[in-house]
Amino acid sequence: MSEPSRPLLRGLLLQLALRALLAVFIGFGLLFEPPNANVRLHWGIFACYVAMVAVWGLWARRSADQSDQRTKRVAALFLLCADLTVVAVISVDSGLSSPETWTSDVLQHGLFLIPLIAAAQLDPAVSAMIAIPTVATFFVVNWIDREANGHEPWGSILLRTAIVFGLAAGSVALSWIQQAKTRTIADLAQERTRLLEEVISLEKRERQSLSERLHDGALQYVLVARHDMEDVRDGSVEGMDRVDFALAESSRLLRDVVRELHPEVLARSGLKAAITSLADGIAARTSITVHLDADGWPESLRTNVDHLLYSAAREFSTNAIKHAHADNLRFRLAHNGSRAELSIADDGVGIPADRLAQSVEDGHIGFASICTKVLATGGQFTVTGSPGTVITMAVPAAPS
């Protein structure tokens, strides 16, 4: 048997405590203010109620996680009706059969506890369904006791009934608020779990992609150079040229990989300088006109998300160069004290939503990886624009 979750267990314990309080209230009421008629009937109803609460407590504790929502709602309504029925029957019967006693006047106040018990269900529908009968019962009991109470003014009865109505309405609102809060927390926990799973999966794919790049790039040149060393030993000038070319290409590819893993300019001079260097490099090796607006980022600022933002700038600018057919590329970098903002915009062909989904399925995970990491930090990530593409992200950024 699996243990019920803590919030659910607390709700059950609260309901059990309120019902125990109601049972004690009824028992003391019958003991110290007994009616003159049908005493055994009232004690029999009370005993049945106590037994019902005990059985419900055992059932709810054992089946809290196993029962479906419909079963839980039916059980909750059944027991709430039992709460209301016990107080209503004893109050009405003692008011009609023993108007000279205080039994009915005392026990009717037990109706104030019923909306609280209903609110502990965290189900607005259940609270609403029990609210109207509770208010109606309170009004009827006061109507029956009116003559015994010296023709109590209707204004007094209506005022007390209004208080019960307010309590019942408040229980419905409280149930709705608590249910919404519980649902939000559950959704956030589920989303957090999903994001963590995606990050782990994406990191695994990125490592695989890096391994493939090293294997298919630098390692192949090293193997070629090793093979050509036989010709170098024989004094072949062409072999020496091939080895030199292979080692140069291998060095270039390894340098590119190292730069992507941890750019030297980012570590040495910070994010603003790294983005500036990236923009200058794009402008130098392509025909794209690059615009950079980094005035909103202090020169000496270092944050805990610098590497993430640089990776995003590199990834999305590479996509723009390869696929967007753009003439202009714009970077905007800013920091407002608690959040870092980066946007990359181009005037190319744009990114259809189906192409994004297909690229992830095909194993091109750079876009999805950056998006997932931004969301995992509690940031915001948006893609807009047509034609062209504007990618904007805002993430919490603490100075480091």
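Q: What order do the strands of the open sheet have?
A: This is a predicted model. Its open sheet has five strands in the order β1-β2-β3-β5-β4, and the pairing is mixed.

Q: Which strands are at the edges?
A: β1 (289–296) and β4 (380–384), each of which pairs on one side only.

Q: How much are neighbouring strands turned against each other?
A: By 10° on average, with direction ignored.

Q: How many bridges join β1 to β2, and do they run parallel or antiparallel?
A: There are six bridges between β1 and β2 (residues 328–335), and the two strands run parallel. Across from R332 in β2 stands D293.

Q: Which helix lies across β1 and β2?
A: Helix α11 (residues 271–285), which runs at about 175° to β2. Helix α12 (residues 306–324) also packs on the sheet. α12 touches β2, β3 (339–346), β4 and β5 (389–396), and its direction makes about 10° with that of β3.

Q: Changing topic. How many aromatic pairs are there?
A: Eight. One of them is F28 with F32: the ring centres are 5.5 Å apart and the planes are at 15°, so this pair is stacked.

Q: Where do F28 and F32 lie?
A: Both are in helix α1 (residues 6–32), four residues apart, which is about one turn of the helix.

Q: Is F28 buried, exposed or partly exposed, and what about F32?
A: F28 is partly exposed because its relative accessibility is 47%. F32 has 55%, so F32 counts as exposed.

Q: And what kind of pair do W43 and F46 form?
A: An edge-to-face one, with 5.7 Å centre to centre and 85° between the planes. W43 and F46 are three residues apart in helix α2 (residues 39–62), so about one helical turn separates them.

Q: Buried or exposed, that F46?
A: F46 is buried, because its relative accessible area is 14%. W43 has 33% relative accessibility, so W43 counts as partly exposed.

Q: Which residues do ring pairs link into a cluster?
A: F139, W143 and W154.

Q: What sits over the ring of W56?
A: The charged end of R19, 4.8 Å from the ring centre.

Methods
Residues are numbered from 1 along each chain as its sequence is written. This is a predicted model: local features need pLDDT of at least 70, side-chain atom pairs count only at pLDDT 80 or more; totals for chains, interfaces and linings use all residues. Side-chain values use heavy atoms; hydrogens and water are left out. Rings of Phe, Tyr and Trp (its six-membered ring) pair if their centres lie within 6.5 Å; planes under 30 degrees apart count as stacked, over 60 as edge-to-face and the rest as tilted. Buried means under 20% relative accessible area, exposed over 50%, partly exposed in between (1.4 Å probe, protein chains only). A charge sits over a ring if NZ of Lys or CZ of Arg is within 6 Å of the ring centre and within 35 degrees of the ring normal. Two strands pair if DSSP finds at least two bridges between them. Axes are lines fitted to C-alpha atoms, for helices over the stretch in contact, and angles run from 0 to 180 degrees between N-to-C directions. Contact means heavy atoms within 4.5 Å.
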